[in-house]
Amino acid sequence: MRKELYLLILSFLSLNFIGQNTTVGASHNKNEREPSAAHKVMLIPFESRLYMSEIDQSINAETKLTAKEIKYKFRDGLNEQLFKAFKTNKFNVVDLMEDTTKYKKDLNGIYQYLTYEFQKIPNQENYQPPKKEKEKKAIEKGQLNVESNSDARFMNAKITDAKVVPILYGKYKTDLFVFINQLDIKASGSKGPAELGEGNANRKITVHYTVYTYDAKEINSGVAEEEFAVDLNNPKKIIDKHFSKIASTIVQRVNKGLATPVK
């Protein structure tokens, strides 16, 4: 028993790595007593390198915010909207963006044990975790051809060490982990490589995410999307009006995943 406890402590210490730059976290009430709830969620923000935006120049022209300021406003804002949506649905929540000084070691440790894979976007009507695909190859006329696949894909988070999640559960009592893997904001007229026509007239927000339980099972993943007007360049309005809808979508899917466990 002592040996197992010792190994657990060593494993957790391995999560503590170099801190990251402190950002302005979501304004949650730290003194609020935690109510009793069936589940407690940890919100893990996207890594700063996984932010893809085609509208930052337009936002800068209107608000004078720098590219870095825009990115961190959206990073903080997405977690804040998720915090509110989960709270509204009676979950307890730990938001790692609430206090980046307090949580930075754990956050950087988590990132170290993550890898990302582009996988097919799962069907939310009959959710099953996406599986690693085998690349199909064939020899034609003496040349190697790799079969192309136009199915839509998303950035999925994979945990490289399954012990990380139960260790975090032991420290924070969080039994659900919502990983925001990537944030994409497309400009008007953008379209995928397989799409025809002139593209979407509106702008589009796409959030790539993955949800794990405390035993490292993936109960939901995919993308949540929301369109917004081409003339909206105020980050706070985008966050309040559109990130809030994305957050609600993710919470609904988490509730569904908890009600119908993945086989």
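Here is a short exchange about the cores, the cavity and the confidence of this predicted model.

Reader: What makes the set around F74, F86 and L183 a nonpolar core?

Author: A core is a set of buried nonpolar residues joined through side-chain atoms within 4.5 Å. The largest one here has 38 residues, and F74, F86 and L183 touch the most other members. Among the elements that each supply at least two residues are α3 (67-88), β8 (176-186) and α6 (235-259). Helix α6 gives the most, with eight residues.

Reader: Which residues does F74 contact beyond its neighbours within four places in sequence?

Author: Happy to list them: Y51, I59, L183, I185, P235, I238, I239 and F243. There is also a second, separate core of 22 residues, which includes V94, A157, I159 and F179.

Reader: What makes the lining nonpolar, polar or charged by class?

Author: The count settles that: eight nonpolar, no polar and no charged residues.

Reader: How do you know which parts to read with care?

Author: Where pLDDT is low, the predicted coordinates should not be read in detail. The mean here is 84, and 75% of residues reach 70 or more. Over residues 2-10, though, pLDDT is below 50, and over residues 17-25 it stays under 50.

Key: Residues are numbered from 1 along each chain as its sequence is written. This is a predicted model: local features need pLDDT of at least 70, side-chain atom pairs count only at pLDDT 80 or more; totals for chains, interfaces and linings use all residues. Side-chain values use heavy atoms; hydrogens and water are left out. Buried means under 20% relative accessible area, exposed over 50%, partly exposed in between (1.4 Å probe, protein chains only). Helices (H or I, at least four residues) and strands (E, at least two) are DSSP runs, numbered from the N terminus. Contact means heavy atoms within 4.5 Å. pLDDT is the predictor's confidence in each residue, from 0 to 100. Ala, Val, Leu, Ile, Met, Phe, Trp, Tyr, Cys and Pro count as nonpolar, Asp, Glu, Lys and Arg as charged, and the others, Gly among them, as polar.
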